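Me: I am new to this structure and would like to understand the words used to describe it. Please set each value against its definition.

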Amino acid sequence: MRRLALIGTGGLALVGAIAAVLLRPAEAEGVRLLPDDAAVVAQGAEVYAAECSACHGASLEGQPDWRSPGADGLLPAPPHDASGHTWHHDDATLFALTKHGLAGLMEDAPPSGMPAYEGLLTDEEIVAVLSYIKSTWPADVRARHDAINDRARP
């Protein structure tokens, strides 16, 4: 499923899914995570600790009540462990979201606390952090994510 969990109703979710597919930057299309590459995962763990853990948690647990907007109207940071929705998105979508933020995936994106990391992290660092995250998922979740990638790739 490619929809972003920021849209409430089914019809809007479908629009969001289509927008994510159509607006995803072409550079992300060839992205593949490397959760079995120890050096990449180690680099990703360092980047995650420095850039992501303040919001998404040191143990990838996310912020409390992450499915409900906070007082500022923004959704809290979701978990990146198996309990979250990160693994529901293919590699290219995760890369594009991390690099360009939600606005890089869809027109008229709702406000989001997720920053765009373009210019702050290299493409290699983005792949490394996403590879680290995937490396922590149980085998069944990784297999489901691999199947999502297989369906998403031409």
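Reply: Contact means heavy atoms within 4.5 Å, and helices (H or I, at least four residues) are DSSP runs, numbered from the N terminus. This is a predicted model, in which local features need pLDDT of at least 70 and side-chain atom pairs count only at pLDDT 80 or more, while totals for chains, interfaces and linings use all residues. Residues are numbered from 1 along each chain as its sequence is written, and side-chain values use heavy atoms, with hydrogens and water left out.

Me: Which residues of H4 and H5 meet?

Reply: From H4, Leu94, Phe95, Thr98 and Lys99 are in contact with Asp123, Ile126, Val127 and Leu130 of H5. By class, this contact has 5 nonpolar, 1 polar and 2 charged residues, where Ala, Val, Leu, Ile, Met, Phe, Trp, Tyr, Cys and Pro count as nonpolar, Asp, Glu, Lys and Arg as charged, and the others, Gly among them, as polar.

Me: Why is H4 called oblique to H5?

Reply: Helix H4 (residues 91-100) and helix H5 (residues 123-135) pack at an angle of about 125°, with their axes 10 Å apart. That angle makes H4 oblique to H5, since angles under 35 degrees count as roughly parallel, over 145 as roughly antiparallel, 65 to 115 as roughly perpendicular and the rest as oblique.

Me: What makes the pair Lys99 and Asp123 a salt bridge?

Reply: A salt bridge is a side-chain nitrogen of Lys or Arg within 4 Å of a carboxyl oxygen of Asp or Glu, and the closest N and O atoms of Lys99 and Asp123 are 2.8 Å apart. The pair links distant parts of the chain, with Lys99 in helix H4 and Asp123 in helix H5, 24 residues apart.

Me: Why is Lys99 called buried, and why is Asp123 called partly exposed?

Reply: Buried means under 20% relative accessible area, exposed over 50%, and partly exposed in between (1.4 Å probe, protein chains only). Lys99 has a relative accessible area of 9%, so Lys99 is buried, whereas Asp123, with 31%, is partly exposed.

Me: What does the salt bridge of Arg153 and Asp91 tie together?

Reply: The side chains of Arg153 and Asp91 meet at 2.9 Å, N to O. Arg153 lies in the segment after helix H6 (139-152) and Asp91 in helix H4, so the pair ties together parts that are 62 residues apart in sequence. At 21% relative accessibility, Arg153 counts as partly exposed, while Asp91, at 2%, counts as buried.

Note on methods. Axes are lines fitted to C-alpha atoms, for helices over the stretch in contact, and angles run from 0 to 180 degrees between N-to-C directions. Helices (H or I, at least four residues) and strands (E, at least two) are DSSP runs, numbered from the N terminus.
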